[in-house]
Amino acid sequence: MFEPFFTTKPEGRGTGLGLSMVYGFVRQSGGHVRISSAPGQGSTICLFLPRCARAEDAATTTPDSDRVIGGNETILVVEDDAAVRDTVIAMLRDLGYRVLKATHAASALAIIEGGARIDLLFTDVVMPGPMRPVELVAAARQQLPQLQVLFTSGYTQNAIMEGGRLSEGVELLSKPYTREALARRLRQLLGGPGRAPQPVPTRKATPASPAPRQATRPLHILVCEDDWMIRSLVVEMLHTRGHRVSEATDAGEAIALQATQPADVLLTDVGLPDISGIELAERLRKVTPDLPVLFATGETHVHGASPDERTRVLTKPFGADEVLDALDALFQRRDVDRV
């Protein structure tokens, strides 16, 4: 019920993120959720949060010198979701900015290559299409070296920054954000009107972050996931660790790919639109009996997806270390068996 991106609503009517966000908020706050449901009576969701005995903070007023202000620069907004795009554009225009818009990275690059004068690129981290936003940034800065860039994402900053998914020095504004938060971040990047630029406050010098952990051995991994956002993040995670990846949106496509481009490992969601990930693994193992499989699921237990010498289960949400640990365990076992 709390698995991200699962919804019973028609396409375009729901994201499947509502209860997932509620669950994440409650767990981060140290609480828990209880659900009771009965046919014909409805459902009740109770949130239990830790009680705070501390006195309420006194309200403070914001000095005029610190109030949020806009600007007159030109901002290119890259967002595939029409509702989100329209909302952001309205915010920016209300703040006085000139706004250009694009629905994906390729169309944004076409605008830039067309000679448009742009001061800041504001783009989601994950976008549909063959060009990834980080590639858009690299190409855009070849045309506009002084271009400022602000990324936005519904994922946490730690999840996005892990493994170099964003270029060094690029700023991230996490969703959801307020008009004030957006306005302040823009002025930090672009500089206040009539005064010297105000960069984002810098932290004390710290040692450079270590390079992301790399795979013990490069593998060809077949990723089967019908949700393009999750699939894009997983594919990029694997690419940055040195693996080669093939992508499939359903079991039928995965079977066809494995027949023509055999992969070393299958990483599949359990819930696929045509058949389950469990059945997909069974069909592929009829051809390749020792095919290693990683099942991804938001459930605590899935019948047929039990860990063994050929199988590991990844519980969503998972990170790169969990994937690499599972792959190492599978192939270390295979190496032992071969000896």
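Which residues does arginine 285 touch, not counting residues up to four places away in sequence? The legends below lead to the reply.

This is a predicted model, in which local features need pLDDT of at least 70 and side-chain atom pairs count only at pLDDT 80 or more, while totals for chains, interfaces and linings use all residues. Residues are numbered from 1 along each chain as its sequence is written, and side-chain values use heavy atoms, with hydrogens and water left out.

**View 1. An open sheet of five strands with parallel pairing.** The strand order is S9-S8-S10-S11-S12, where strands are DSSP runs of E, at least two residues, and helices are runs of H or I, at least four residues, both numbered from the N terminus. Two strands pair if DSSP finds at least two bridges between them. Strand S9 (244–248) and strand S12 (311–315) are the edge strands, each pairing on one side only.

**View 2. The pairing of S8 with S10.** Strand S8 (residues 220–224) joins strand S10 (residues 265–269) in the parallel sense over four bridges, and valine 223 stands opposite leucine 267 in S10.

**View 3. Helix H9 (residues 277–287) on the sheet.** Helix H9 touches S8, S10, strand S11 (293–297) and S12, contact meaning heavy atoms within 4.5 Å.

**View 4. Arginine 285 in helix H9.** Arginine 285 is buried (under 20% relative accessible area, 1.4 Å probe, protein chains only). Arginine 285 touches Leu291, Pro292, Val293, Arg310 and Thr311, not counting residues up to four places away in sequence.

Terms used: Axes are lines fitted to C-alpha atoms, for helices over the stretch in contact, and angles run from 0 to 180 degrees between N-to-C directions. Buried means under 20% relative accessible area, exposed over 50%, partly exposed in between (1.4 Å probe, protein chains only). Lys and Arg count as positive and Asp and Glu as negative; His and the chain ends are not counted. A salt bridge is a side-chain nitrogen of Lys or Arg within 4 Å of a carboxyl oxygen of Asp or Glu.
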